[in-house]
Amino acid sequence: MADADDVRRLALVLPQVEEIDCDGFDFRVGGKGFVWSYPERQPGQHRVLRTDIAVLYVGDEAEKQALLLGEPAMFFTTPGYDGWPLVMLRLAEVDAGRLAELVTDAWRMRAPAELAAEFEGSADVEGSADVEGFAD
């Protein structure tokens, strides 16, 4: 079981991550968001930032559908996210190792190509990236 603090620790060990000040969590690399608190919107009510749910960038519709269909207890979406390569992750349903994988993958897809390649190179030399050690 993971929580917002786990997301924060994982995101902040990745290179050049910027944390946006908000009531929940919001992390970007190269000006692009890769994981943030779910801004739940109920009709007729104000938006509420849900820190028990993370929105993750997944790259494309195929990956989104694979996650939604393969692990429906963990991932979901809403009509407002139709057409966007994003899924919502129930943090209570994910362990630290899987969360590290998901956050790192989201970061890789949003990071500038040179930065992602440099990160991959350092992970190969050291045997594993720093973020992967978090899950141990």
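Predicted model: local features only at pLDDT ≥ 70, side-chain atom pairs only at ≥ 80, totals over all residues.
Numbering starts from 1 along each chain as its sequence is written. Local features need pLDDT of at least 70, side-chain atom pairs count only at pLDDT 80 or more, and totals for chains, interfaces and linings use all residues, while side-chain values use heavy atoms, without hydrogens and water.

Student: Which strand gives the most to the lining of the largest pocket?
Tutor: Strands are DSSP runs of E, at least two residues. E2 (26-29) and E3 (32-40) each supply at least two lining residues. With four residues, the top contributor is E3.

Student: Are H1 and H3 parallel or oblique to each other?
Tutor: Helices are DSSP runs of H or I, at least four residues. H1 (residues 4-12) and H3 (residues 96-110) pack with axes 10 Å apart, at about 50 degrees. Angles under 35 degrees count as roughly parallel, over 145 as roughly antiparallel, 65 to 115 as roughly perpendicular and the rest as oblique. H1 and H3 are therefore oblique.

Student: Which residues of H3 make the contact with H1?
Tutor: Contact means heavy atoms within 4.5 Å. H1 brings Asp 6, Val 7, Leu 10 and Ala 11. From H3 come Leu 99, Ala 100 and Val 103.

Note on methods
Axes fitted to C-alpha atoms, helices over the stretch in contact; angles between N-to-C directions.
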